[in-house]
Each structure stands twice: as structure tokens, then as C-alpha cells.
Amino acid sequence: MGGGVYISTSDVDFANCAFTGNGATYGGGVRNNSAANNAVTFTNCTFAENSADMSGSGINSAGQNGSSLKLTNCTFANGIGAETISGTGSFIVINSIFWGNESAAISVDTSATVRVTNCVVKGGYTGGTNIVD
């Protein structure tokens, strides 16, 4: 789980990182399995050529209720296999790019909340604002 990084129980901030060429069953680039009320933030990060057999070629977040995942100015490119971002909890995606991925950009559990703002998503994404198809 978590080809590049596995997060289990704390708030974590990543900035100016690259997660490239990783693979896992869940979370090819990153697997977030944080406890309730934990916040995980990615700023100016690149997720490229990661793969997942089941869920989240870029990021799979299985955080408990109250956990959040925030992505700002990130790029997700050429993900292989499962959707690029998947999971449960709260997702905020701002000024990010999803391009050349094999599957859907974002596919989350019905209990999850998602806000996508000012993003470029190849193939589009319903429910976001300022999406370029």
C-alpha cells in the first residue's frame, strides 16, 4: 500500500515533491490512511507515471471521517490503471492539472465531499468549477 508514501496517523504537508514511477494495489503515488481529523496537504507536487491495480494511481485516501486531503498547484500525468484520485473523506483540489491518465481523474466514495476549483482536467470533471475539457 502506498507505492511512494504511506500516511497513517498524522497531519502531513508535502511541498515541491515529485512522486514518479511508483506502483501499489491502493495508492500508486500515495496512500493516505490517516485517522479522523487529520489533514494531508500537497502543494506544487507532481504525480507522474504512477500505477494502481485497485484504486488511486496518484493518490488513494482512505482517511476516516473528518480527515481531509488538499491539493494545490499539483500535476497528475500519465497515471496507469485505476482512477487518479480516489477514496473517502474531504477532498479540495485547486489549480491542478490532470492529463494523460488512463482512468477518471477523481472517483470518490458517495460519502466523500469534493471541491475542484480552477483545474485543467482532460476529459472533464462534473462538479468542479473552471474545468477545461
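Predicted model: local features only at pLDDT ≥ 70, side-chain atom pairs only at ≥ 80, totals over all residues.
Two polar contacts are made by the side chain of N60: one reaches the side chain of S55 at 3.0 Å, and another reaches the side chain of S86 at 2.8 Å. When neighbours within four places in sequence are set aside, the residues in contact with N60 are Y26, G27, V30, R31, N32, S55, S86 and G87. S55, one of the two polar partners, is itself part of strand 8, which covers residues 51-55. Y26, also in contact with N60, falls within strand 4 (23-26).

Strand 9 also contains S61. With a relative accessible area of 2%, S61 is buried, because that value lies under 20%. Residues up to four places away in sequence not being counted, S61 touches N32, L69, S86, G87, T88 and F91. The chain position of S61 is 59 residues from that of G2, and the C-alpha atoms of S61 and G2 are separated by 10.0 Å.

An open sheet is formed by 3 strands, arranged in the order 4-8-12 with parallel pairing. Its edges are strand 4 (23-26) and strand 12 (80-81), each of which pairs on one side only. Strand 4 is joined to strand 8 by 3 bridges, and the two run parallel. Within strand 8, A52 is the residue that stands opposite A24.

Strand 2 (residues 12-15) and strand 6 (residues 39-43) run parallel and are joined by 4 bridges; here D13 stands opposite T41 of strand 6. Strand 6 in turn pairs with strand 10 (residues 68-72) in the parallel sense, over 5 bridges. T41 has K70 as its bridge partner in strand 10, while V40 stands opposite L69 of that strand.

The search of the whole structure finds 1 cavity of 30 Å³ or more. The largest cavity holds about 40 Å³ of space. Its lining consists of F47, A48, E49, N50, S57, G58, F76, A77, G79, T84 and N101. At least two residues of this lining come from strand 7 (46-48), and at least two come from strand 11 (75-77). Classed by residue type, the lining comprises 4 nonpolar, 6 polar and 1 charged residues.

Terms used: Residues numbered from 1 in each chain as written. Heavy atoms only, no water. Polar contact = N/O pair within 3.5 Å; in protein donor to acceptor, adjacent residues only side chain to side chain. Contact = heavy atoms within 4.5 Å. 1 Å grid on protein atoms, 1.4 Å probe; cavity = no way out; pocket = protein on both sides within 12 Å on 5 of 7 lines; lining within 4 Å. Points joined across faces, edges and corners; volume = space filled by probe spheres on them. Nonpolar A, V, L, I, M, F, W, Y, C, P; charged D, E, K, R; others polar. Pairing = 2+ DSSP bridges. Buried < 20%, exposed > 50% of the residue type's maximum accessible area, 1.4 Å probe, protein only.
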